[in-house]
Structures are given as C-alpha cells and as structure tokens.
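Morning, everyone. I have one model to walk through today.

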Amino acid sequence: MNKNTLLNAVDIEKLCDAAAREVDIEVVQETGSTNADLMSRLPLLQRPVLRVAVHQTAGRGRAGRPWLTVPGGMLTFSLAWHLPQAPQNLLGLPLAIGVALAECLNTLNQNVQLKWPNDILRDGKKLAGILLESAAASEGGTWIVAGIGLNLQVSDELEAQVGRALADAPWLAQMDRNLLLAQLLNALASALQQFAGHGFSAFLPRWNALHAYANQSVHILDHGQILHAGIALGVDLLGCLVLQTEQGQVNVLAGDVSLRPAT
C-alpha cells in the first residue's frame, strides 16, 4: 500500500488546529458503519470523536440507502459532536457541514459545488455525501454524528454498481491521507463551533454561493414521484430549498425528498 494512503491517528492529530485537537481520533481498518459505531456510543461520550475506517462494509446514505465503498478508493469517516441546540433547531446543520467540506475542498483546487440537501458535486457528478444523525443529549442540547464519504478513486465496477456516473479526485488520492483528513477535520470543527454560536445564519450566503443548481429548473422527487417542479432560487434560514413554481414560491423541507435537474 502506498505510504500516502496509510492512516494514523497520531499523525492526523499532529496536523490539527486548536479546535480539532479537542477531538479524539480513531482509525480502524474495517467496520460496518462509522456512523452506526458512534451512534451506539453517544450516551458514553465525553468529548467529540472522529472515527475513520479504511473500509466500510455497511455504509449508509440518506433514507437508508447503501453507501458502496472500495478499500483505499474513498475516505469514509464520522464525527460525533455535542451542540447546545435542541434537535429541532438543527435543520440547517447538514447544509452547514456541506459548506465546510466544499470550502475546504476548494482550497485544494477541487472546484466543487453543493447540491441540496446533502451532496457535494464536481462537474455535476457526486464527489461526496453527508449523512447526519442525532440524539438528544442527557446533559441538554444534542449529540450529532456527521458521516462523510469522499470519492478519491472510482472504478468502472463501482459506477456500474451505483448505476450512475460518479466524480472522483485523483489528485486528492495522491495526497498524504492524514493531511487530507486533518484539513477536513479542521474545517468541520471550526464550522461546528460557528454553528453552535450562530446557527445556519453564518452559512446561508456561503451555501447559496456554492449552489450547483442556482436559478435552474429542477424537480423535487418523493419516492420517485415529482412532488414539485420549478426554479431553484437557493435556501432559507431553516435550510429549506426555495423553489419558484408556477403556483408561487415553495420552501421545501429536506426529509427524504431528492433534487434532480429538469431534463
């Protein structure tokens, strides 16, 4: 295995800034799901935890969909973090996390954009996805677990399994994996601290500036059926997609709905 692809918790921690050094870092060779691992441990956690797996065998995306991975070809990790807000006040959090990741990747010359609600696109194809889960904390506020899957090298076989073209990032695949993960963790830790103090308002203009389908015709699908059709204007303070339809403006809550460009 290329030494640049080896992950080591001590090396990652050395590359972290002050906010990220508050996070306990765990590296495992294989697990079912880093999100599931951390969700099961939330009642016991005292500090934020980053858990990264070289390979996930049962990764999940939104709405319970499987997240297929290839050993070494992806960066798959989850971050558990305590926030002071109640769960119902975290609707914009997945979008804030998307902003943090996209801005970090763009500093690495990836030229990515955001697809509402949870995807990061490069050249119109999915480069990374976010799965956010949460649980009310006994000490007040909410523990969240943000799971991230970032495609580094995508094979033809994986695209065939997924059933659509995917983006990857060959240059990032050549980076020292510990440095890449540390930079992403630095961005996430900073964003979560900002969200704790200001909510989604600190991220709203930044999300809209990265909006992949700004002012384009889109369909909002619910279990494959078109729920809404209109022009995607951006997002509001709750993280809802603002859609201009023939019947007027509609603010769409994420839930399990999906966005597709109108063909």
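**Starting point: glutamine 183**

Glutamine 183 is partly exposed, at a relative accessible area of 26%. Partly exposed means between two limits: buried is under 20% relative accessible area and exposed is over 50%, with a 1.4 Å probe and protein chains only.

A word on the source. This is a predicted model, in which local features need pLDDT of at least 70 and side-chain atom pairs count only at pLDDT 80 or more, while totals for chains, interfaces and linings use all residues. Residues are numbered from 1 along each chain as its sequence is written, and side-chain values use heavy atoms, with hydrogens and water left out.

Back to glutamine 183. It sits in helix H6, residues 177–198. Helices (H or I, at least four residues) and strands (E, at least two) are DSSP runs, numbered from the N terminus. What does glutamine 183 touch, beyond residues up to four places away in sequence? Cys104 and Leu108. Contact here means heavy atoms within 4.5 Å. Cysteine 104 is 79 residues from glutamine 183 in sequence, yet their C-alpha atoms are 7.2 Å apart.

**The whole chain**

Now zoom out. The chain holds 7 helices and 12 strands. Of its 263 residues, 52% count as buried. Take contacts between residues at least 6 apart in sequence: 63% of them join residues at least 24 apart. The accessible surface comes to about 11,900 Å², and 51% of that belongs to carbon and sulfur atoms. Accessible areas come from the Shrake-Rupley method with a 1.4 Å probe; for residues, only the protein chains shown count as cover.

**The cores**

In soluble globular proteins, nonpolar side chains tend to be buried together. A nonpolar core is defined here as a set of buried Ala, Val, Leu, Ile, Met, Phe, Trp, Tyr and Cys residues, joined through side-chain atoms within 4.5 Å. The largest such core has 73 residues, and Leu75, Trp116 and Leu150 have the most contacts inside it. H6 gives the largest share of this core, 11 residues. There is also a second, separate core of 8 residues, with Leu38, Leu42, Val49 and Trp143 among them.

Look at tryptophan 116. Setting aside neighbours within four places in sequence, its contacts include Leu95, Trp207, Ile220, Val235 and Leu253. The peptide bond from tryptophan 116 to proline 117 is cis, with omega near 0°. Proline 117 lies in the loop between strand E4 (113–115) and E5.

Two strands pair if DSSP finds at least two bridges between them. E5 (residues 119–122) and E6 (residues 125–136) pair in the antiparallel sense over 4 bridges. Isoleucine 120 stands opposite alanine 128 in E6. The hairpin of E5 and E6 has 2 residues between the strands. One to notice is aspartate 123, with a positive phi of about 55° although it is not a glycine. Is aspartate 123 buried or exposed? It counts as exposed, because its relative accessibility is 67%.

E6 then runs antiparallel to E7 (residues 142–151), joined by 9 bridges. Alanine 136 has threonine 142 in E7 as its bridge partner. This hairpin has 5 residues between the strands, and glycine 140 in the turn takes a positive phi of about 100°.

Asparagine 111 is another non-glycine with a positive phi, near 55°. It lies in the loop between H3 and E4, and it counts as exposed at 61% relative accessibility.

**Surface and a buried aspartate**

Which residues make a nonpolar patch on the surface? Leu91, Leu238 and Leu253 do, with about 290 Å² of accessible area together. Patches are made of residues with over 30% relative accessible area and no salt bridge; like charges are joined within 9 Å, and nonpolar side chains (Val, Leu, Ile, Met, Phe, Trp, Tyr) within 5 Å. A salt bridge is a side-chain nitrogen of Lys or Arg within 4 Å of a carboxyl oxygen of Asp or Glu. Leucine 91 is in the loop between strand E3 (74–83) and helix H3 (93–107). It is partly exposed, at 40%.

Last stop: aspartate 236. It is in the loop between strand E9 (225–235) and strand E10 (241–245). Neighbours within four places in sequence aside, it contacts Phe200, Leu204, Val242 and Asn251. Phenylalanine 200 is 36 residues away in sequence and 9.2 Å away in space, C-alpha to C-alpha.
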